[in-house]
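Hello,

Here is the structure I promised to pass on to you. Please open it first, and then read my notes below.

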Amino acid sequence: MGVQSLLVNKHACFTAPLCYKKQKTTPSSFHHHPSAMSASLQTAEPGKTRVGFLGMGIMGKAMAHNLIKAGYDVTVWNRSSSACQPLLDQGATLGSSPAAVVDATDITLAMLSDPRACVEVALGPQGVVKGLASGKGYIDVSTVDAATAAQVEAAVHKGGGMYLEAPVSGSKKPAEDGQLIFLTAGDRALFDAGAPLLDVMGKASFYLGDSAGNGANMKLVVNMIMGCMMASFAEGLALAEKSGLKKEDLLEVIKLGAIAAPMFSMKGPTMIQQQYATAFPLKHQQKDLRLALELGGATDQRLDIARAANRLYEDAMGGNYGDADFSAVMEAVMSKGMVDVGEDSEAQRRQQLYEIRAEATMLVESIEDRAVEAVEAAQAEAAEAVKEVERLRLELEGLKGEK
Ligand code: NAP
């Protein structure tokens with residue numbers, strides 16, 4: 001079955017160049033999950049719809065803020081509750097657990113770090129599923145793999161709720177500006193009911209299928225490309241400098257050519273300064289590359305460039321840049337210990353040879369020393385023996401004289 005897609009764009013939807021399927025149609029394979037049919041969900045509306053938001057990290061905080069600004073009644077929860085305070089100051093209510101938030105609201109969104117966090121928050125003892133009832137919706141906007149999305153979807157359906165996976169394209173600034181792109185799949189009724197919420201937080205929403213997976217996969221493909229682009233850009237900056245070129249000049253050249261990208265213009269100047277204020281944490285970029293590589297393994301698709309880029313992000317994490325912005329991959333690229341793999345193994349071979357030679361030399365020297373010591377000891381013993389023989393000879397001669 002091909003991907004069923006639909007773009008809903010609040011700004012000039014049907015003229016946007018991104019719009020690769022313009023007809024607002026329901027995929028023929030679409031079906032509601034039986035439990036989701038038992039109670040209908042009203043289209044979200046400020047003042048009427050109660051919204052839950054789980055996860056007040058970089059992205060969640062900005063997205064929840066926009067919902068409050070748009071007039072929605074928002075209940076928030078975060079694992080470490082202090083992160084909720086700015087939202088409470090803006091008028092949000094604090095939920096005591098994911099289950100309590102879902103219980104108190106109509107549609108709950110979650111923006112969590114990784115698959116593990118999403119499963120814990122959804123299926124844990126005080127998790128989302130515990131608060132579900134027929135007619136409630138759960139929209140997970142975190143970046144996870146398709147299997148995790150499907151696992152949560154099944155649990156939500158079992159609990160009687162509706163599920164939509166909706167990972168986002170866009171970083172901290174688009175989240176603050178309400179300019180994210182949602183890549184959704186799951187219950188169409190929830191997509192329709194939640195559309196006004198997505199419109200507040202984003203500029204476009206793709207509906208990619210009626211069961212979870214396509215949204216996750218689309219997001220991983222996009223972020224794999226982004227991670228490779230950033231790593232390659234960092235290598236370009238480093239190589240330009242090593243070749244005696246000005247990195248600023250490289251930025252200007254790139255900006256005017258076919259490989260120009262907003263990401264290069266936005267991150268380039270700070271990368272040159274080696275400043276990495278976090279918009280997209282490097283640890284999350286590495287997680288997305290890891291998940292994309294797993295997807296490559298599952299689909300038998302070779303991903304050599306992504307594999308090499310992933311190694312650089314892993315190195316940067318080893319260098320303690322996990323919480324820095326993903327542009328800090330620059331530090332791994334510039335690090336002496338992380339030169340080209342071929343050169344690296346050649347350098348290691350030379351080092352091993354040097355160490356073996358040094359050890360052999362020490363061994364020979366110690367054998368020579370011991371041989372000299374042994375010869376000297378033998379000579380001393382022989383001299384003693386000669387002296388003893390002489391003493392005995394004299395003693396014998398003395399005895400003969402007495403006779
Ligand atoms: P973040 O600032 O690191 O926030 C992560 C959130 O997840 C925090 O609220 C954290 O709670 C929570 N969390 C982590 N482990 C948890 C667990 N075991 N149980 C409960 N909560 C847990 O990350 P972010 O930048 O907002 O990104 C969130 C998601 O969006 C990630 O999947 C990321 O890949 C994706 N994304 C990010 C960007 C971006 O530019 N930042 C862009 C697109 C997509 P604590 O505060 O208690 O640690």
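**Notes on the model**

Gly52 stands opposite Thr75 in strand β3. Strand β2 (residues 50–54) pairs with β3 (residues 73–77) in the parallel sense, over 5 bridges; strands pair if DSSP finds at least two bridges between them. Of the 5 residues in β2, 4 are buried (buried means under 20% relative accessible area, exposed over 50%, partly exposed in between, with a 1.4 Å probe and protein chains only). Helices (H or I, at least four residues) and strands (E, at least two) are DSSP runs, numbered from the N terminus.

Before the rest, a word on the source. This is a predicted model, in which local features need pLDDT of at least 70 and side-chain atom pairs count only at pLDDT 80 or more, while totals for chains, interfaces and linings use all residues. Residues are numbered from 1 along each chain as its sequence is written, and side-chain values use heavy atoms, with hydrogens and water left out.

Now the ligand. Where does the ligand lie relative to domain 1 and domain 2? Domain 1 (8–211) and domain 2 (218–340) both give residues to the shell around the ligand, so the ligand lies between them; the domain bounds come from an automatic or database domain assignment. There are 26 residues around the ligand, and Asn78, Arg79, Ser80, Ser113 and Ser171 come nearest (a residue is near if one of its heavy atoms lies within 4 Å). The shell divides into 11 nonpolar, 9 polar and 6 charged residues (Ala, Val, Leu, Ile, Met, Phe, Trp, Tyr, Cys and Pro count as nonpolar, Asp, Glu, Lys and Arg as charged, and the others, Gly among them, as polar). Helices α2 (58–69), α5 (115–123) and α13 (282–299) each supply at least two residues of this shell.

An N or O atom in the side chain of Asn78 is 2.7 Å from an oxygen atom of the ligand. Met59 uses a backbone N or O atom, 2.9 Å from a ligand oxygen. The protein covers 87% of the 910 Å² of accessible area that the ligand has on its own (Shrake-Rupley method, 1.4 Å probe).

Finally, two loop residues to look at. Most residues other than glycine have a negative phi. Asp300, in the loop between α13 and α14 (304–318), has a positive phi near 60° and is exposed at 73% relative accessible area. Asn320, in the loop between α14 and α15 (329–334), has a positive phi near 75° and is exposed at 71%.

Best wishes

Conventions:
A polar contact is a pair of N or O atoms within 3.5 Å; within protein, one must be able to donate a hydrogen and the other to accept it, and residues adjacent in sequence count only if both atoms are side-chain atoms.
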